[in-house]
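Hi everyone, thanks for making the time today. Let me bring the model up on the screen, and then we can walk through a few parts of it together.

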Amino acid sequence: MEGTTPATARIRDGVPLLEMRGITKRFAGVVADDGVDFDVRAGEIHTLFGENGAGKSTLMRVLYGFHHPDAGEIRLQGSPVSIASPADAIRHGIGMIHQHFMLVNTLSVADNVALGLRSSRGPLTDPGRVSERIRQLSETYHLQVDPQALIWQLSVGERQRVEIVKALYRNATLLILDEPTAVLTPQEVDDLFAVLRRMAEDGKGLVFISHKVREVLGLSDRITVLRAGHKVGTLPAASATRDQLVQMMVGHALPARDLAAETGATEGAPDRTPSDRAPSDRATAIESGPGVTVGAGTPVTPIPATPAAGAGTGAAAAAGAPRLVVRDLTVRGDRGADAVRGLSLEVRGGEIVGIAGVSGNGQRELAEAIAGLRRPSSGSIVLEGTELAGGSPARGRAVGLGYVPEERMRDGVVPDFSVAENLLLVDSHEPAFSRLGFLRSGEIRRHCEELVRTFDIRTPTLEAPARTLSGGNIQKLIMARELSREPRVLLVAQPTRGIDVAAAQYIHDRLREQRGRGIGVLIISEDLDEVMALADRILVMYEGAIIGEAAPRASTRASIGLMMAGVRPEAPADAGPRATA
Amino acid sequence: MNTDLIVAVIVSAIAYGTPLVLAGLGELLAERSGVLNLGVEGMMLMGAVTGFFVSQQLGGPGWAVLIVAMIMAAVAGALMALIHAFLSITVRVNQIVSGLALTIFAGMAGLSSYAGQVWGIGGQHGLHQLTRVDLFGLGEIPVIGPILFDQDPFVYLSWGLVVLVAWYLYRTRTGLYLRAVGESPRSADAMGINVTRYRYVHTTVGGALAGLGGAYFTLAIAPIWTDGLTAGAGWIAIALVIFAFWRPDVLLLGAYLFGALSSLGFTLQAHGVQMPSEFFSSLPYLMTVVVLAGASTTLARRRIGTPASLGVPYVREEG
Ligand SMILES: Nc1ncnc2c1ncn2[C@@H]1O[C@H](COP(=O)(O)OP(=O)(O)OP(=O)(O)O)[C@@H](O)[C@H]1O
Ligand SMILES: [Mg+2]
């Protein structure tokens, strides 16, 4: 086994850099990790793989001193250590890029990088030198960041780059990366991997966490799979296959096509013919169940005019009348410059429109403008006759806009509210849930239990605060809330960021099902594979405008990638079949 | 208005504003670390009574007595703040409850009054009082002389502290870490910064400054002790921190503005200007309303700078 891993050659001596033995961590109501063994050798990239809530982040947070393990021991280079705080971890040369950003929003990039560092100027800060070093690093590693920018002005992708720069700056010997690629573009991911490989060659140990099987297989030396807090096994990446990994992860095999589509295995356009789309067993079970869309008592609005409505199979319906029409929209970004520049687009009922693009090209501002969170400086946003531009989020919701924001921890959940409260946040005035302004707890419980079950949200109880859920389960919670409503138009930013393969498949099926009901779906995603797998039409956004349109079936990753880089398509973009069969 | 009058108004604004500057700076430091301290009024009273008592007891040269008295006043405030730190950071009692409890415990009819009685200093006339120090003989210069160069040592100290705190916050590493702790304790912790220590230290230092501010009443303004003599200055100091958007330079201006409004009535009367006294006594409150309204305009709100973790205990494991 070891003979096949490239890491073997780099190992200096027999002792692993890190050994974790029998790590157990319990939280009220859950055992996040149960006697897990894990080790990292110098010069290797070791991936932790597993479903949402499997215990990956918790294991790494134990290592970083954020959690005290209930049992188990940690050895670094053979000697037992006690890591009681992140400060201890840093002292031992451990660095961590966390799943949720660890950035101070009001400070500049340089100040964030400087936190906890020694300064060359004694007690004084040294912003000049830090900025200079950041510039060097971002040049060497192709990580574009402006040291002077304030964190709150940055897009999620940019923030992730800051986190990576922070880790690079510290020169850790053991670096943990908890889903670092979830918010990066394919190009950025390639750049990051080049950096990581170089670090491994330098003899550092890396722990990598990702839900993207392709990345995991491409980058790792070894892979350890966790399931429900237990270690399922460790295998060399060279001999591992996608199916094997996923089977270990969920404990049973998933139908092959799911994996192909959701892990981006196919280069170019995935085959999307409906006959090929056999729903996964889980999805089937749920779709046939009653009361899927809304809690008992809420009438499901019948939507006529769409042939495929009610079928729920996810087949693309013939696109209907325009539901959402955006005209000449201009939106100012946080830094004062226009982030969206005269953008127009249209979403019809029964189609999925995907916006692809490198992060920071105005996607966030576009989404926020449509959602009513940001006031456009000109242009219009019309949802079936109602002008949304300049209105409030409530106005959009009132006329049937569903919205899943990009940064869920900040915009999507109230972290201290319980799972149930978060599931109800926008629905609490519905007659089914409140009578004369009082919440009806029985109905609510039923509704929430239903959602937790169908979306497979792993939570000990409905009362657990949302912040205690694993990253992917928070995503599922918001998706559950928004998809359980009956929107006219659904706007989803990064639908499956941070969501495990099986759950991503499920969410995709639900989005297709929404399309089948005649709902207009607009997804904004930096994951090109996802856009290509889901969308009927792909709009590529560059510097605040739509630079071109592509039909997923007629386009390749490369041609869309070019547009994402700002190269206009030569011939007028092939509009593709507006109504996909 | 003639120049003399204007100078008189400014000079008394500084006198009445100085305890606000000191206590306000202390509160600013605590709040920057994320700890809301509503015990300022109590801490000021403890500083006032302790400072006065010490100055009455000690013998020796006046300046030495006053310095020791000031130090002891700061220690009294710091000890009170330490209780608040322990309750709100370690035990994680609600910060509002803990702060209010301290003010009630130490305030009027509380510990400070009791100490005054036990020490028997009520009604005594003070033996020492801080007097104006004419710096470099520049006090004679018209207008700026009396304002800038003829103040008591407390005033010079408060100016030095404003500069020091501003420099500390924006130029030093510890100051940067402090801002990070107040804004996002979790991120600070992840970078190896000891959140608990930062909160303890800044809350305690903040209490020491409140104690000093209190001592200004009994050692500088008027050398006597009466129950509750700070008369709400602690509360104004807390409000000032908000008005100042958590910035020391703005805090200094705000404190003098409040100082001017509180003293305008007497100053004008002393200069023979007749105005209804009700008008003047309502000025500080009027000003509070105006500033609050200003602070809530969109523009101000975007820059307001409330430390995001203010009032929220930090628990590492509850991520
Ligand atoms: N602070 C906490 N308090 C209570 N429960 C927690 C806490 N942190 C994590 N958990 C629980 O521990 C389990 C494992 O969570 P963890 O974050 O390690 O999952 P994960 O494998 O990283 O998942 P994901 O892929 O979704 O990020 C989950 O059931 C989660 O709800
Ligand atoms: Mg995780």
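Let's start in chain B, with helix H2, residues 40-57, and helix H5, residues 111-118: their axes come within 9 Å and cross at roughly 10°. Because of that angle, H2(B) counts as roughly parallel to H5(B). Please keep in mind as we go that this is a predicted model.

Which residues make the contact between these two helices? From H2(B) we have B:Leu45, B:Met46 and B:Val49, and they meet B:Leu111, B:Ser112, B:Ala115 and B:Gly116 in H5(B). Sorted by class, the contact of H2(B) with H5(B) has five nonpolar residues, two polar ones and no charged ones.

Now move along chain B to helix H7, residues 153-171, and helix H8, residues 173-183. Here the axes come within 5 Å, and they cross at roughly 75°. So H7(B) is roughly perpendicular to H8(B). On the H7(B) side you can find B:Tyr168, B:Leu169, B:Tyr170 and B:Arg171. Their partners in H8(B) are B:Arg173, B:Thr174, B:Gly175, B:Leu176, B:Leu178 and B:Arg179.

By class, the contact of H8(B) with H10(B) has five nonpolar residues, two polar and one charged.

Last stop: the ligand. Which chains surround ligand 1? Residues from both A and B do, so the site is shared between chains. There are 21 residues around ligand 1, and the closest are A:Gly53, A:Ser57, A:Thr58, A:Ser470 and A:Gly472. Two helices of chain A, H2 (56-63) and H17 (471-484), each supply at least two residues of that shell. By class, the shell around ligand 1 has 13 polar, four nonpolar and four charged residues.

Let's zoom in on some polar contacts. A backbone N or O atom of A:Gly472 sits 2.6 Å from an oxygen atom of ligand 1. A:Asn52 brings a polar side-chain atom to 2.9 Å from a ligand 1 oxygen, and a polar backbone atom of A:Ala54 is 3.2 Å from an oxygen atom of ligand 1. Taken alone, ligand 1 exposes 640 Å², and the protein buries 92% of that.

How values were computed: Residues are numbered from 1 along each chain as its sequence is written. Chains are lettered from A and ligands numbered from 1 in the order in which they are written. This is a predicted model: local features need pLDDT of at least 70, side-chain atom pairs count only at pLDDT 80 or more; totals for chains, interfaces and linings use all residues. Side-chain values use heavy atoms; hydrogens and water are left out. Axes are lines fitted to C-alpha atoms, for helices over the stretch in contact, and angles run from 0 to 180 degrees between N-to-C directions. Helices (H or I, at least four residues) and strands (E, at least two) are DSSP runs, numbered from the N terminus. Angles under 35 degrees count as roughly parallel, over 145 as roughly antiparallel, 65 to 115 as roughly perpendicular and the rest as oblique. Contact means heavy atoms within 4.5 Å. A residue is near a molecule or strand if one of its heavy atoms lies within 4 Å of it. A polar contact is a pair of N or O atoms within 3.5 Å; within protein, one must be able to donate a hydrogen and the other to accept it, and residues adjacent in sequence count only if both atoms are side-chain atoms. Accessible areas come from the Shrake-Rupley method with a 1.4 Å probe; for residues, only the protein chains shown count as cover. Ala, Val, Leu, Ile, Met, Phe, Trp, Tyr, Cys and Pro count as nonpolar, Asp, Glu, Lys and Arg as charged, and the others, Gly among them, as polar.
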